[in-house]
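Student: Hi! I'm new to this one, could you walk me through it?
Tutor: Happy to, let's have a look together.

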Amino acid sequence: MKNIFYYETKLGKIGIAEDGKGITDLYLAEKLSSEDMHIEETPLIKETAKQLQEYLLGQRIEFDVPLSLNGTEFQKLVWNELKDVPYGKTYSYKELAQKIGKPTAARAVGMANNKNPILIIIPCHRIIGADGSLVGYAAGLEIKKQLLDMENNN
C-alpha cells in the first residue's frame, strides 16, 4: 500500500507518494490520484518535501532520498541516467540516448522520459529538443521553463 501526502509549493500543490521502501511518485497534485493510497505524511515523505522545498529555494542541487522505481528495464535505465544530468545543465534526447549506449534510441528515450513518475528528483525537465527547444513535460512547459530558469540563475 502506498502512502501519499500533498504540499503547497511555489509550483502549486504537489503530491509525494512512497511504498515503504522509497519514493514512487512526485507530481503536481492534479496529475496524481490518491485512489488506492493512504493519505499520510510519513517520515520519508516529509523528508522528501523538505528537500524539494530546499531545491525550489535554490538551497539544494541534489536529492538523497531513496527511490522505488516501477517501470521497464529500459525506463529504469533512462531514469537512472537522468539522475546524473548535472544541475543547471541540459541534454537532448539524442545525447541521453548516447549516454545509455543506445545512440539510435532518442525516440524511446523520449517515451521513457515521458513516463518518469518522480518529477524534479529524477530531473527529466533537463532534457530538451535537439534544437534547444523546450519539449514535453508532464507538469507543462511553463513549469519546465521555470525549473530550468531557476537552476540557471543559481
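**Salt bridges and a helix**

Tutor: Let's start in helix α5 (residues 141-153), where Lys145 and Asp149 are 4 residues apart, so about one helical turn separates them. Helices here are DSSP runs (H or I, at least four residues) and strands are runs of E (at least two), numbered from the N terminus. The model is predicted: local features need pLDDT of at least 70 and side-chain atom pairs 80 or more, while totals for chains, interfaces and linings use all residues. Residues are numbered from 1 along each chain as its sequence is written, and side-chain values use heavy atoms, without hydrogens and water.

Student: What do Lys145 and Asp149 form?
Tutor: A salt bridge, with the closest N and O atoms 2.7 Å apart. The term means a side-chain nitrogen of Lys or Arg within 4 Å of a carboxyl oxygen of Asp or Glu.

Student: How many salt bridges are in the whole structure?
Tutor: The search finds 5. One of them pairs Lys2 with Asp25, at 2.9 Å. Lys2 is in strand β1 (residues 2-9) and Asp25 in strand β3 (residues 23-28), so the pair ties together parts 23 residues apart in sequence.

Student: Is Asp25 buried or exposed?
Tutor: Buried, at 9% relative accessibility. Buried means under 20% relative accessible area, exposed over 50%, and partly exposed in between (1.4 Å probe, protein chains only).

Student: New topic: which residues of α4 are buried?
Tutor: In α4 (residues 106-114), they are Val109, Gly110, Ala112 and Asn113.

Student: And which are exposed on the other side?
Tutor: Arg107, Met111 and Asn114.
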